[in-house]
Amino acid sequence: MAISHTAFLSTLLLLHLSTAAYSIGVNYGTLANNLPPPAQVANFLKTQTTIDRVKIFDSNPDILRAFANTGIAVTVTVGNGDIPGLANLATARQWVATHIAPFHPQTRINYIAMGNEIMATGDKNLISHLVPAMRTLHQALLLAGIKDIKVTSPHSLGILSISEPPSAGRFRRGYDRVIFAPMLKFLSETKAPFMVNPYPYFAYSPKMANYALFKPNRGIHDKNTNITYTNMFDGMMDAIHSAMKAVGYGDVGLVVGETGWPTNCDGYEACSVENAAAFNGHLVSHVNSLRGTPLMPHRRFETYLFSLFDENLKPGPTAERNWGLFRPDFTPIYNIGIMRNGQSGGNVPGPAPVSGKEWCVPKADASNAALQSNIDYVCSSGVDCKPIQAGGACFEPNDIRSHASYVMNVYFQNSGRHDYNCDFSHTGVLTSTDPSHGTCRYVA
């Protein structure tokens, strides 16, 4: 049947768009005491966002049940400590019977991640059992009649001994032939992807800020290939590809298990809502463009952003608790073009800073109790709080953080716009990004 040139181009565009819609997932961590129930999370992702896949860091049955019949794909993770036992077939079969069979296929489990960045643990027992456990778990799945779940294992870029220039990327000596060649052989045989966690944030430096954040820059030249890289993400992915190719498995697919950017940390200049919005927003556009990378053109990388929510119980520095895309009430912390409802639509890197203007908003780690105190204080000081009352322009979303954000900013603006007017016992922070939303307009 003949097809016109215009119709052909339209068909290609539709194919491109349909493929692009299935690239972005999110890591759903639960180390927090303020998160909504899994059923609400599943419904939110399905009805309000374009995210169609999640990765969890265990095999939580409540989460697996919540995602049943949603069509959202779920990656489950084997706990690091379970790896040695899973090299035994009987143990692996029991694990599948307990953690997978009761939920699949009603819950669309697509991957099982064997551990989390095992090589970084330095644990010889875990490392030596990693590939055997992957093979045995795959066998256990087949024996259970499950043929559509792939077994993989996520790794940080610490597995590379060389990462620059990208064409020279190589696995760490000793692990290249003993661990990664056998692992990639298994992945090739089972048509499963190699899962990596590239984080330009961890390689950030002031001089390389634009390169890390997908902003205009002079680029980094790879003299071996005569390619100039204009963003760090592509450089990291191509370094992994070069390492895979060097051990004979450059054709194995790649999945980005984690990447993202924190919004708040202990005074480090890299951390901000603006930088997180820039990185993740540009990343979504880049991945969905199907451009691929210089060494892997036109490749689509299934990508899982880190993370769905801030996790207030995670140990370590402040940054560890501030990687979320959404607050517990499901309002976006910033816009990266993944909302369905038009509230924050469009593949843009988030709201642009407004030159010369500042707004006072709550810090990401401010507690609800502290924010309620801020509301009580501001509303008793003569500030008009009718907009956050039922029927007011800023009543929705009806949650403490949103209401506190509005009244804290009014107080800051009315008090002379001094930095100290936004302190609120160290729970407020100034931003150059307008937090207005819908009919709720923030004064500046």
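The axes of helix α6 (residues 124-143) and helix α7 (residues 175-190) come within 10 Å of each other and cross at roughly 10°. The model is a predicted one, in which local features need pLDDT of at least 70 and side-chain atom pairs count only at pLDDT 80 or more, while totals for chains, interfaces and linings use all residues. Residues are numbered from 1 along each chain as its sequence is written, and side-chain values use heavy atoms, with hydrogens and water left out.

- Two packed helices are described by the angle between their axes and the distance between the axes.
- Axes are lines fitted to C-alpha atoms, for helices over the stretch in contact, and angles run from 0 to 180 degrees between N-to-C directions.
- Helices α6 and α7 are therefore roughly parallel to each other (angles under 35 degrees).
- On the α6 side, the residues in contact (heavy atoms within 4.5 Å) are Ile-127, Leu-130, Val-131, Met-134, Arg-135 and His-138.
- Their partners in α7 include Tyr-175, Ile-179, Met-183 and Phe-186.

- Helices (H or I, at least four residues) and strands (E, at least two) are DSSP runs, numbered from the N terminus.
- Strand β9 (residues 194-197) is covered on both faces, with Phe-194 and Val-196 buried on one side and Met-195 and Asn-197 buried on the other; buried means under 20% relative accessible area, with a 1.4 Å probe and protein chains only.
- Strand β6 (residues 154-156) runs parallel to β9 and is joined to β9 by three bridges; two strands pair if DSSP finds at least two bridges between them.
- In this pairing, Pro-154 stands opposite Met-195.
- Strand β12 (residues 254-259) also pairs with β9 in the parallel sense, over three bridges, and Val-196 stands opposite Val-256 there.

**Two buried residues in helices**

- Asp-238 lies in helix α9 (residues 232-246) and counts as buried because its relative accessibility is 0%.
- Asp-238 and Ser-167 are 71 residues apart in sequence, yet their C-alpha atoms are 6.9 Å apart in space.
- Leaving aside residues up to four places away in sequence, Asp-238 touches Pro-166, Tyr-229, Thr-293, Pro-294, Leu-295 and Met-296.
- Ser-402 belongs to helix α12 (residues 400-414) and is buried because its relative accessibility is 11%.
- Beyond residues up to four places away in sequence, Ser-402 touches Pro-397, His-437 and Tyr-442.

Key
Buried means under 20% relative accessible area, exposed over 50%, partly exposed in between (1.4 Å probe, protein chains only). Angles under 35 degrees count as roughly parallel, over 145 as roughly antiparallel, 65 to 115 as roughly perpendicular and the rest as oblique.
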